[in-house]
Every structure is written in C-alpha cells, then in structure tokens.
Amino acid sequence: MFLTSVVSPQYFSCLLLILLAQVAAGALIYFQKEKVSDGTSSSLPAGVFPDSERGFGGLVHMECCGWTGRVDWSGNQVIVNSSQLLFPCSCQNVSLASGNFSESGFCEAQTPDWPVYDVGCAASVESWLVTNIGVVLGICLGVALIELLGMILSICMCRNIHTEDYTKVPKY
C-alpha cells in the first residue's frame, strides 16, 4: 500500500509534464509555422536527395514527386548514371504511363521526359493537412483527454489510499 501512495503522485507529475510538453510543442508549431515550413523545405532535400539511391519519392496516394518537385531527383546518382532515362517509380503518374515498376525502385522511361507528377510532396502534405485539420485536431484532443483522465484517476487513487496502522494488529 505504501508503494502505491508514493508512485501515484509521481505518475501524475509525469503525465502533467508530458501534457504540458505537448501543449507547448503544439503552440510553438502553430505560432512559428512559417519558420517550421521554411526549415523543413530547406533542410530535407539537402539531406535526402543527392546521394541516396532511392531518395524521397511520391508519398502514397499523394500524387507528388520529390519534396519541392521532380527536380529534386536530378542529383540522384542512379538517375544521372542512366542518362536521365530512369525515374523513381514512386513518382510515376499512372495516367501517363503504367506497368513499369521494378524492384530497384526506379522505372525506365523511353525519353528523358519522365511520366511523373510535377507537384512536390511538400505542397501535397500541406494540402492534406489543411483538408484534414479537423481530424488531426480531434486526435490531438482525444489524446489530451485520455491523459487528463489518467491524471484525474491517479489523484483519486492517491486520495483513496489510506496508510494502515499496523500497531493494532495482534502478534502471534
């Protein structure tokens, strides 16, 4: 019993710290969204595209290619070595060409004009977030409510635990 009464306030404190950190991060991202967007746009392609074999292709069902556009793939060594005839299969626009998938992640084009999406994934992700902001906020609020419920239950548990007086217990 003694262990439970000590652990519960610590559990409450941990949940409170996590909740405060989440609220602070959310507020910081909301009020500094221009800096976050600029920082992501400038740092991601430099670290992902130039030397990777697969790079950053199209996000699933986003109909996009690269982070800012198809030009993000221009520095990929596999594509450069193929005389620009290989392109990332994940970027393939199925309305222009289909059935050209390979295990390597690159598809072969007949000409240097690839049948890929021109829109970058940054714009697609931003558009998806704007469209689904209600769902994202709902999930965040649901997680916050579960954390608040855990905090309330830990306080109730802490208040209802009584230390026992073992001096009145008969000894045999």
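Trainee: Why is Cys14 called partly exposed?

Mentor: Cys14 has a relative accessibility of 46%, and the scheme calls a residue buried under 20% relative accessible area, exposed over 50% and partly exposed in between, using a 1.4 Å probe and protein chains only, so Cys14 counts as partly exposed. Cys140, at 48%, is therefore partly exposed as well. This is a predicted model, in which local features need pLDDT of at least 70 and side-chain atom pairs count only at pLDDT 80 or more, while totals for chains, interfaces and linings use all residues. Residues are numbered from 1 along each chain as its sequence is written, and side-chain values use heavy atoms, with hydrogens and water left out.

Trainee: What makes Cys64 and Cys121 a disulfide?

Mentor: Their S to S distance is 2.1 Å, and a disulfide is defined as a pair of cysteine sulfur atoms within 2.5 Å, so the pair qualifies. The link is right-handed, with 85° about the S-S bond. Helices here are DSSP runs of H or I with at least four residues, and strands are runs of E with at least two, numbered from the N terminus.

Trainee: How do you know whether Cys64 and Cys121 are buried or exposed?

Mentor: Cys64 has 1% relative accessibility and therefore counts as buried, and Cys121, with a relative accessible area of 0%, is buried too.

Trainee: What makes Cys65 and Cys91 a disulfide, and which parts of the chain does the pair tie together?

Mentor: The sulfur atoms of Cys65 and Cys91 are 2.3 Å apart, and a disulfide joins them. Cys65 lies in the loop between H2 and H3, whereas Cys91 lies in the loop between strand E1 (86-88) and strand E2 (106-108), so the pair ties together parts that are 26 residues apart in sequence. At 0% relative accessibility, Cys65 counts as buried, and Cys91, also at 0%, counts as buried.

Trainee: How many disulfides does a search of the whole structure find?

Mentor: The search finds 3 disulfides, and Cys89 with Cys107 is one of them, with sulfur atoms 1.9 Å apart. That link is right-handed, with 120° about the S-S bond. Cys89 sits in the loop between E1 and E2 and Cys107 in strand E2, 18 residues apart, and both cysteines are buried. With bonded cysteines counted along the chain, the disulfides follow the pattern 1-6, 2-4, 3-5.

Trainee: Why is Val135 called exposed?

Mentor: Val135 has 52% relative accessibility, and therefore counts as exposed. Val135 lies in helix H5 (residues 133-160).
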